[in-house]
Amino acid sequence: MRIALIQLAYGDAESLPDRVERVAALVRAQAGAELVVLPELWSAGGFSYREWDERSQDIAGPVVTALAAAARDAGVWLHGGSIAEHPDSGEIGVEGKSLWNTSVVFAPDGEVAATYRKIHRFGFAGGEPKLMEAGTDLVLLDLPDGVRAGLSTCYDLRFPELYRAQLDEGATAFVIPAAWPMARVEAWRLLLQARAIEDQCFVFACNTAGTHAGTQMGGHSAVIAPTGEVLAEAGADEQVLTVDVDPATVAQTREAFPVLADRRL
Ligand SMILES: O=C(O)CCC(=O)C(=O)O
């Protein structure tokens, strides 16, 4: 299975239409991959809190529509990172807000195959908890070659119980888009490996590069095997990381080193 992680770099100057066009072209260029992954909140700006409201949109809005077309043209499964979702339905969350950090995954025909609303919001008293609602639902989807992917986003990575819950729902891979800063990139690298090792799953993790809203992003997107071996890792700049993985490795790893059978619940 060929995975392409598009580690996008962006700054504050690029307009939203220009960025959408650039990203759609990058996705189309990945024809031949089976799964393409984009970073968290690339259209709204991961740390551009002040822009989120203006750049928010419905799942049927222009960003998702452009991604659906790009997935269809390339014939790939596309994890579109995430958008600042503001539903046209007028939906209001339990905290009275109407903004979510929402991932959309497209099948190769461009249809939406899954959506996931980020559960753990980053920013403590500010940032996401102040502006966004928290997602509540565990989301997994079946990809080709028997890969069952659990969805999560960025800060979720710090909460291992989410990945255990996905494991218990049959996960063999974790797909993790992020806007994780350079300041804590060593934690990112370590936690990606930890999630792979403790759950014996593949990790496909796509971070952001560049500097926006005064924050330097960490890059270092990675594909990690269920043994914890780093199969490929990006640097700090914009890069497409393309890696071929063998989904059978999950069963082989779990059979050769059956640590999960020793769990005591
Ligand atoms: O946990 C971190 O250090 C970064 C998390 C983050 O930037 C996010 O969730 O958007």
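Guide: Helices (H or I, at least four residues) and strands (E, at least two) are DSSP runs, numbered from the N terminus. This is a predicted model, in which local features need pLDDT of at least 70 and side-chain atom pairs count only at pLDDT 80 or more, while totals for chains, interfaces and linings use all residues. Residues are numbered from 1 along each chain as its sequence is written.

Visitor: How many helices and strands does the protein have?
Guide: Counted as such runs, the secondary structure of the protein comes to seven helices and 15 strands.

Visitor: Why is the protein said to be as compact as a globular protein of its length?
Guide: The radius of gyration is taken over C-alpha atoms, and the globule rule is 2.2 Å times the number of residues to the power 0.38. For 265 residues that rule gives 18 Å, and the protein is as compact as a globular protein of that length because its own radius of gyration is close to this, at 17 Å.

Visitor: Which annotation covers residues 1–247, and where does it come from?
Guide: UniProt positions are given in the numbering used here, with feature names shortened, and annotations may be inferred rather than shown by experiment. In the model, the end C-alpha atoms of residues 1–247 lie 7 Å apart, and the span is 25% helix and 25% strand. The annotation comes from an unreviewed UniProt entry and reads "domain: CN hydrolase".

Visitor: What share of the residues of the protein count as buried?
Guide: A residue is buried if 20 or more other C-beta atoms lie within 10 Å of its own, exposed if 12 or fewer, and partly exposed in between, with C-beta atoms placed from the backbone. Of the 265 residues of the protein, the share that count as buried is 45%.

Visitor: Is Val27 buried or exposed, and which residues is Val27 in contact with?
Guide: Val27 is found in helix α1 (residues 16–28), and Val27 counts as buried because 25 C-beta neighbours lie inside 10 Å. Two residues are in contact if their C-beta atoms, placed from the backbone, lie within 7 Å. Leaving aside neighbours within four places in sequence, the contacts of Val27 are Val36, Leu67, Ala70, Ala71, Ala74 and Leu78.

Visitor: What separation do the C-alpha atoms of Val105 and Trp77 have?
Guide: Val105 is placed in strand β5 (residues 100–106) and counts as buried, with 23 C-beta neighbours inside 10 Å. Beyond four places in sequence, Val105 touches Trp77, Leu78, His79, Gly80, Ala113, Ala114 and Leu141. Although Val105 and Trp77 are 28 residues apart along the chain, their C-alpha atoms are separated by 7.3 Å.

Visitor: Which residues are around the ligand?
Guide: A residue is near a molecule if its C-beta atom, placed from the backbone, lies within 6 Å of it. Ala, Val, Leu, Ile, Met, Phe, Trp, Tyr, Cys and Pro count as nonpolar, Asp, Glu, Lys and Arg as charged, and the others, Gly among them, as polar. On that basis the shell divides into six nonpolar, one polar and two charged residues. The residues around the ligand are Gly46, Phe122, Cys154, Tyr155, Arg158, Ala179, Trp180, Pro181 and Arg184.

Visitor: Where is Cys154 found, and what is its phi?
Guide: Cys154 is found in the loop between β8 (148–151) and α5 (160–168), and Cys154 counts as buried because 26 C-beta neighbours lie inside 10 Å. Although Cys154 is not a glycine, its phi is positive, at about 45 degrees.

Visitor: Is Leu131 buried or partly exposed, and which residues is Leu131 in contact with?
Guide: Leu131 is found in helix α4 (residues 127–131), and Leu131 is partly exposed, with 18 other C-beta atoms within 10 Å. Leaving aside neighbours within four places in sequence, the contacts of Leu131 are Tyr49, Trp52, Lys97 and Leu99.
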